Amino acid sequence: MAEVRIEKLTKAYGAVEVLHGIDAVIADGEFVVLVGPSGCGKSTLLRMIAGLEGINGGTIFIGDRSVNKLPPKERDISMVFQNYALYPHMTVAENMAFSMTLAGAQKADKVKAVRRAAEILDLTELLDRKPRQLSGGQRQRVAMGRSIVRDPAVFLFDEPLSNLDAKLRVQMRSEIKALHRRLGTTMIYVTHDQVEAMTMADRIVVMQAGIIEQIGTPLELYDNPVNAFVAQFIGSPSMNIFAATANGATLCLADGSDIGVPVPRGVSDGQTVKVGKRPEDIRLHSNDGPGPRAIIKSLEPTGAETYVAAQCGNEGLTVVTRERPNYREDDVVRVVFSEGPVHLFDPENGQKFAP
């Protein structure tokens, strides 16, 4: 096991800079997920840690040594890719032992390592099968087993579940998390799926446009996002963010409707702010009550919850309720914003106002 420390890391392709001075510390034995939209630099960062991409500036430490100039095979890491990359003519056991075979390991050592990995991943009964005889989830477990037999200091995962169907992804999330608990090895995992990040990570690194926006535990990011980007990226459905104007002591929508939220410190009368509300923290009630008016646009029952899309003035809102609403499209309702947490952001830079 090993700590991974990244200091002032930069990466450019010609004149295009894609990572802008990344700083992060991943503790020994920690499970950290890099998450962000496509093109944010998360996979590039992972490949730089692996030694598959060159470094333009900064330093990567694995344990107490800089690995900037070390080839991948000398970094004591193992990488699991989106593509299983299994050899079709080899058995599961042969695929898992392949790196040891290349290194000239003794047969007894290979058998011992493969058996240990197979037990951890519940592959013991499949060792004599070929990849074509396996399901997608089983193939991904074989790919992980190939990494485990190397007993690396750090595991790197590059969107390993993106080729699986939704049900299998949920199962494999649990299996990878259980694998981490068993091995206690440092793991760095890349995904664009924030639900994957929330359910698996000890800490999440949220990236955008080659910078780190915020690092924290899943609930820290959910409850206390530092800016509007993190607020909307973490959470599904994403946070509602809409404009409101300071009018006296409270905030109002463009149509003058008072939303019952106090004006943050430092905001002048008539100044606009961005208000963030999680879908589960908005309440709808009948049209004869207080609050801004909204028009129901659609309802999406999911079983335990119902997603309600509504139009409130010029703003579209998503509301999540565990009740069974009897609204119909085009019904007029009232909206309560003042219950539950409210997040207020600067409309210019997106940064969160101090409480």
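Entry 1: I began with the lining of the largest pocket, whose residues divide into 10 nonpolar, 3 polar and 3 charged. I note here that the model is a predicted one. The volume of this pocket comes to about 420 Å³. I looked up which of its 16 lining residues are closest to the centre, and found Ser78, Met79, Phe81, Arg146 and Arg150. Strand 6 (77–80), helix 3 (98–102) and helix 5 (136–148) are the elements that give two or more residues to this lining.

**Entry 2: cavities.** The structure has 2 cavities of 30 Å³ or more. The largest cavity has a volume of about 40 Å³. I listed its lining as Ile6, Ala24, Ile26, Val32, Leu34, Leu45 and Val205. By class I count 7 nonpolar residues there, with no polar and no charged ones. Strand 2 (16–26) and strand 3 (31–35) each supply at least two residues of that lining.

The second largest cavity holds about 40 Å³ of space. Arg116, Ile148, Asp151, Pro152, Phe155, Leu183 and Thr185 line this second cavity. Its lining divides into 4 nonpolar, 1 polar and 2 charged residues.

**Entry 3: aromatic rings.** I get a count of 6 aromatic pairs. I looked up the pair of Phe229 and Phe233, which is stacked, at 5.7 Å centre to centre with 20° between the planes. Both residues lie in helix 9 (residues 228–233), 4 residues apart, or about one turn of the helix. Is Phe233 buried or exposed? I record Phe233 as buried, because its relative accessible area of 16% is under the 20% cut-off.

Entry 4: Next I traced an open sheet of 5 strands, with the order 13-12-11-14-20 and antiparallel pairing. Its edge strands are strand 13 (258–262) and strand 20 (343–345), each of which pairs on one side only. From one strand to the next the twist averages 45°. Within this sheet I checked strand 11 (residues 240–247) against strand 12 (residues 250–252), and the two pair in the antiparallel sense over 3 bridges. Thr245 stands opposite Cys252 of strand 12.

**Entry 5: strands 1, 4 and 5.** I went back to the start of the chain for another set of pairings. Strand 1 (residues 4–13) pairs with strand 4 (residues 57–62) in the antiparallel sense, over 5 bridges. Thr10 has Gly57 of strand 4 as its bridge partner. Strand 4 also pairs with strand 5 (residues 65–66), again antiparallel, over 2 bridges. Here the bridge partner of Ile62 is Arg65 in strand 5. I noted that the hairpin of strands 4 and 5 has 2 residues between the strands, and that Gly63 takes a positive phi near 70° in it.

**Entry 6: Gly340.** Where does Gly340 sit? I placed Gly340 in the loop between strand 19 (332–336) and strand 20. I class Gly340 as partly exposed, because its relative accessible area is 44%, which falls between the 20% and 50% limits.

Key: Residues numbered from 1 in each chain as written. Predicted model: local features only at pLDDT ≥ 70, side-chain atom pairs only at ≥ 80, totals over all residues. Heavy atoms only, no water. Pairing = 2+ DSSP bridges. Axes fitted to C-alpha atoms, helices over the stretch in contact; angles between N-to-C directions. 1 Å grid on protein atoms, 1.4 Å probe; cavity = no way out; pocket = protein on both sides within 12 Å on 5 of 7 lines; lining within 4 Å. Points joined across faces, edges and corners; volume = space filled by probe spheres on them. Nonpolar A, V, L, I, M, F, W, Y, C, P; charged D, E, K, R; others polar. Phe/Tyr/Trp six-rings, centres within 6.5 Å; stacked < 30°, edge-to-face > 60°. Buried < 20%, exposed > 50% of the residue type's maximum accessible area, 1.4 Å probe, protein only.
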